[in-house]
Amino acid sequence: MSLVIVLLLFAGLSEAAGRILPLLARRPGMPRTLVVGLLIGAGLVEAAVFTLWPLTAWTLAELPASSPPAGEALEWTPGLAAPLLLCAVLAFPLLGPLLHLVLFVGVGAGLAGPLAASTDLGWWGAAGCVAVAGVGLGLAVEAVRRLVVRLSTPRTPEPIP
């Protein structure tokens, strides 16, 4: 389990770096302590989102069922988390957003297999739950990210005529 945690933390840190480093290129005078703080905080948030992805998909799979699924809850394994780390490494905008998306779809398809095996939804139903969970978590993080940017942007006072 500790290997999975390390993989998810590295994936979160890499995903955060892919978002923060372009910001640094546009603002070269940012203090290093602020950059490190942003990287660590954003990396932990991204790792938490990655960790919640299977749990959210499992919860969505339970919704249409009249009784809870007989199998165990969906969890990350090293085999499922390793492609996620590769996907996060490729999150840098200039290295290929399309490849990044294809890898995320591949990781989601990998999560759909164990979810389908532990529920009676079938593979396509499980893939739908994984996709909805991934998109929902992605949109939630993007909304929080935009809110943080809006709140942290310094306001310049308007000149008095």
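The model is a predicted one, in which local features need pLDDT of at least 70, side-chain atom pairs count only at pLDDT 80 or more, and totals for chains, interfaces and linings use all residues. Residues are numbered from 1 along each chain as its sequence is written, and side-chain values use heavy atoms, with hydrogens and water left out.

The chain holds 5 helices and 0 strands, and its order along the sequence is α-α-α-α-α. Helices (H or I, at least four residues) and strands (E, at least two) are taken here as DSSP runs, numbered from the N terminus. Of the 161 residues, 33% are buried; buried means under 20% relative accessible area, exposed over 50%, and partly exposed in between (1.4 Å probe, protein chains only). The accessible surface amounts to about 10,100 Å², with 73% belonging to carbon and sulfur atoms. These areas come from the Shrake-Rupley method with a 1.4 Å probe, and for residues only the protein chains shown count as cover. Among contacts (heavy atoms within 4.5 Å) between residues at least 6 apart in sequence, 68% join residues at least 24 apart.

The buried residues of α5 include A126, A127, C129, V130, A133, L137 and V141. An α-helix has 3.6 residues a turn, so residues three or four places apart point the same way.

A nonpolar core is a set of buried Ala, Val, Leu, Ile, Met, Phe, Trp, Tyr and Cys residues joined through side-chain atoms within 4.5 Å. The largest such core has 26 residues, of which W53, W76, L111, L115 and V130 touch the most other members. Helices α1 (2–26), α2, α3 (78–89), α4 and α5 each supply at least two residues of this core, and α5 gives the most, with 7 residues. Another core, of 5 residues, lies apart from it and has A17, I20, M30 and V35 among its members.

On a 1 Å grid over the protein atoms alone, a pocket is an open set of points with protein on both sides within 12 Å along at least five of seven lines, and lining residues have an atom within 4 Å of a point. Of the 25 lining residues, W53, F104, G134, V135 and G138 are the closest to the pocket centre. Helices α1, α2, α4 and α5 each give two or more residues to the lining, and the largest share, 12 residues, comes from α5.

E46 sits in helix α2 (residues 32–62) and is buried, with a relative accessible area of 8%. Not counting residues up to four places away in sequence, E46 touches G12, E15, A16, R19, V141 and R145. In helix α4 (residues 97–118) lies V105, which is exposed at a relative accessible area of 53%.

Notes: 1 Å grid on protein atoms, 1.4 Å probe; cavity = no way out; pocket = protein on both sides within 12 Å on 5 of 7 lines; lining within 4 Å.
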